[in-house]
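Please look over the structure first.

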Amino acid sequence: MAELAKLQRDFRLFGQFNGKASPLYGRLSLSIADDPEVMALLHAAPEQQQIPVLLFAAMHDLLLRGEGEELAVFYPNLAPSTADGDPFPVFRRVALANDAALRATIASRNTQTNEVGRCAYFLPVFGLVGDEVGALAHLDVGASAGLNLYWPSYSYRYNNGPTVGEGSTVELPCSTRGAPPIPQTMPTLAHAMGLDMSPIDVRDDDAVRWLEACVWPDQAGRFERLVAAIAIARRSPPDLRQGDAVANVGALVDEIAAFGHPTVTTSWILNYLPVEGQRAFVAELDKVGIRRDLSWILAESPAQTPGLPIPTAGDEEITVISLVTWRAGERVVRRLATAHPHGAWLNWEAVSPA
């Protein structure tokens, strides 16, 4: 079957290319590629969602609910010390024993990412914009649970230097090269709002557990940061709006402009739009930029977002941080840096107009 052949290829490729970032998922993926019965669980999802990470997230969700204890001992974020040996026989046994539950999750969920580590590469740019215009009104497009809206509530440590924002339960380490303009004090955030097609309510335990399940278990630090960020958000839940990135961004920018300088962020979200959709998103911001000053900070891959005005020398797969500003109706694009997609490092480049 071509369908089976595609799944086998996807799992083999995932295992080959992600074994370093996630030894657990890498090892499991290579074994699953030779097991049609386990792969068949993904048939519960729409064809475009039949991807390895959805199966892994569904299993992680099952373990977070307290099921499959014999498998949880192989998960670094769930066990004080992980078990030795091959995890796949246990994974297979738990998967087939919980076939119905896994299929129900796979049929009803999409993978979600709300990586607060990305705030570490946004903070220097917030500082640049704040130094120019004063208080910021932040709109995060593709906000998921809205956790990146709480960036003033997190602590940041660049190259093990002084901490920006003391005393948070969420500390974001980031190594740097070049000379990023790390702010000495936290920029002023006057208002924050998120836009997402399927926003996650931080007060919904099931939705929050799924967000946690989408984090790779080998990356225990990311998991712990996510849990801590959710706790911060639950104290004062974010203003999240359900809607379309292109259709709704203009009206929401106008709404937040009543509070401060409207500043839009996107991070690894516009790659989900077709090229025409990417161009339409920029056109909507252009319409707003004609009538009011506006800033857009984007962290996207040029190779995957050819419809965006990212200065690039080629089809770069890397995350590129750019700043687009509209001042008195004139649009200026500046490429600022490259970065790790989750904010682990930031390579600052010369700032020059596009």
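Leu54, Leu55, Ala58, Met59, Asp61 and Leu62 of α4 make contact with Ala101, Leu102, Thr105 and Ile106 of α7. By class, the residues of this contact split into 8 nonpolar, 1 polar and 1 charged. The model is predicted.

**α4 against α7**
- Helix α4 covers residues 52-64, and helix α7 covers residues 99-108.
- Their axes come within 9 Å and cross at roughly 125°.
- α4 is therefore oblique to α7.
- The crossing of α4 with α7 is right-handed.

**α4 against α9**
- Helix α9 spans residues 205-213.
- The axes of α4 and α9 come within 8 Å, with a crossing angle of roughly 125°.
- That angle makes α4 oblique to α9.
- α4 and α9 cross in a right-handed sense.
- On the α4 side, the contact uses Leu54, Ala57, Ala58, His60, Asp61 and Leu64.
- On the α9 side, Arg209, Trp210, Glu212 and Ala213 take part.
- The residues of the α4 contact with α9 comprise 6 nonpolar, 1 polar and 3 charged.

- How many cavities of 30 Å³ or more does a search of the whole structure find? The search finds 1.
- The volume of the largest cavity is about 80 Å³.
- Its lining includes Gln112, Thr113, Asn114, Glu115 and Val116.
- Leu211, Cys214, Val215, Arg222 and Leu226 also line the largest cavity.
- The lining residues of the largest cavity divide into 5 nonpolar, 3 polar and 2 charged.

Conventions: Residues are numbered from 1 along each chain as its sequence is written. This is a predicted model: local features need pLDDT of at least 70, side-chain atom pairs count only at pLDDT 80 or more; totals for chains, interfaces and linings use all residues. Side-chain values use heavy atoms; hydrogens and water are left out. On a 1 Å grid over the protein atoms alone, a cavity is a set of points where a 1.4 Å probe fits but cannot get out, and a pocket is an open set with protein on both sides within 12 Å along at least five of seven lines; lining residues have an atom within 4 Å of a point. Grid points are joined across faces, edges and corners, and a volume is the space filled by probe spheres set on the points. Ala, Val, Leu, Ile, Met, Phe, Trp, Tyr, Cys and Pro count as nonpolar, Asp, Glu, Lys and Arg as charged, and the others, Gly among them, as polar. Axes are lines fitted to C-alpha atoms, for helices over the stretch in contact, and angles run from 0 to 180 degrees between N-to-C directions. Helices (H or I, at least four residues) and strands (E, at least two) are DSSP runs, numbered from the N terminus. Angles under 35 degrees count as roughly parallel, over 145 as roughly antiparallel, 65 to 115 as roughly perpendicular and the rest as oblique. A crossing is left-handed if the near helix is turned anticlockwise from the far one by less than a right angle, and right-handed if clockwise. Contact means heavy atoms within 4.5 Å.
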